[in-house]
Amino acid sequence: MLSTAGFGNSLVEYYTKFGEDFMESEKPFKRREFLASVGATTAATTMPLTAVAQQEASQSKLPSPLRFKADISLTINGQPKQIAIDSRTTLLDLLRENEGLMGTKKGCDHGACGACTVHVDGKRILSCLTLAATLEGVAITTIEGVSEEESLHPMQEAFLNCDAFQCGYCTPGQIMSAIACVREGHASGSTEEAREWMSGNLCRCSAYPNILAAVRQVAGVAAAADPADQAMVISLKELPS
């Protein structure tokens with residue numbers, strides 16, 4: 001190794017002393033040259049991908065039939081329907097997006113909250129977990145179809161009388177489950193049984209006592225009254241010290 005003694009701390013003096021050829025072969029890689037080489041490499045590798053992406057984008061703009069088409073016949077709220085859908089469509093999306101029945105709510109989209117509950121052939125199901133293509137020939141009832149003309153369903157009236165809702169987002173699913181709960185015979189037993197069979201429907205406003213009261217009243221095992229009328233009001237002065 002060559003000694004740098006006598007040339008101070010300047011590498012420029014060192015390279016100048018031993019010639020231009022030596023300096024050119026030993027000098028560090030310049031930052032500008034590095035960035036230029038990286039840019040050229042990136043451009044060369046992404047150009048084919050860009051062309052493919054542009055081709056796919058142009059093809060996606062062309063009108064095309066459903067990729068996984070399914071033709072189904074069913075009845076929704078008493079109305080016969082012939083519907084062509086993507087076979088991956090859930091019943092919830094069919095009702096909301098295709099049929100415009102917005103009463104059935106999309107809460108969690110994972111079957112955990114009950115906001116999407118509807119009736120299929122009289123039985124309650126979670127529409128967000130049900131593929132519409134599997135429902136050939138069935139009768140579907142949503143919250144829009146439970147009442148007759150202008151009159152409310154008894155469960156809807158009970159929810160109003162018991163003030164069994166606050167924000168109202170979960171209410172359609174609660175009512176659909178409550179109607180099924182009474183029909184199944186789970187609301188006329190103990191309070192605990194009715195509560196258990198309604199536990200699949202979540203109320204973020206925590207109106208559970210009022211919902212349970214409405215269910216029990218329609219089942220005929222509780223008097224038709226507002227639960228708030230039976231609430232005990234205690235002033236701070238009456239609380240034990």
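Predicted model: local features only at pLDDT ≥ 70, side-chain atom pairs only at ≥ 80, totals over all residues.
Residue numbers start from 1 along each chain as its sequence is written. Local features need pLDDT of at least 70 and side-chain atom pairs pLDDT 80 or more, while totals for chains, interfaces and linings use all residues, and side-chain values use heavy atoms, without hydrogens and water.

**Exercise 1.** Describe how α5 and α6 pack.

Step 1. Locate the helices, which are DSSP runs of H or I with at least four residues, numbered from the N terminus. Helix α5 covers residues 154-161 and helix α6 covers residues 171-184.

Step 2. Take the geometry, with axes fitted to C-alpha atoms over the stretch in contact and angles from 0 to 180 degrees between N-to-C directions. The angle is about 120°, and the axes lie 10 Å apart.

Step 3. Classify. Under 35 degrees is roughly parallel, over 145 roughly antiparallel, 65 to 115 roughly perpendicular, and the rest oblique. α5 and α6 are therefore oblique to each other.

Step 4. List the contact (heavy atoms within 4.5 Å). α5 gives M155, Q156 and F159; α6 gives T171, Q174, I175, A178, I179 and V182.

Step 5. Sort these residues, with Ala, Val, Leu, Ile, Met, Phe, Trp, Tyr, Cys and Pro as nonpolar, Asp, Glu, Lys and Arg as charged, and the others, Gly among them, as polar. The contact has 6 nonpolar, 3 polar and no charged residues.

**Exercise 2.** Do the analysis for α5 and α8.

Step 1. Helix α8 spans residues 208-218. Its axis and that of α5 come within 9 Å and cross at roughly 135°.

Step 2. That makes α5 oblique to α8.

Step 3. P154, M155, A158 and F159 of α5 meet I211, A214, V215 and V218 of α8. The classes are 8 nonpolar, no polar and no charged.

**Exercise 3.** Which residues line the largest cavity?

Step 1. The lining is F159, A164, F165, Q166, C167, G168, C170, T171, Q174, C203, C205 and I211.

Step 2. By class, this lining holds 8 nonpolar, 4 polar and no charged residues.

Key:
Helix = DSSP H or I, 4+ residues; strand = E, 2+ residues; numbered from the N terminus. 1 Å grid on protein atoms, 1.4 Å probe; cavity = no way out; pocket = protein on both sides within 12 Å on 5 of 7 lines; lining within 4 Å.
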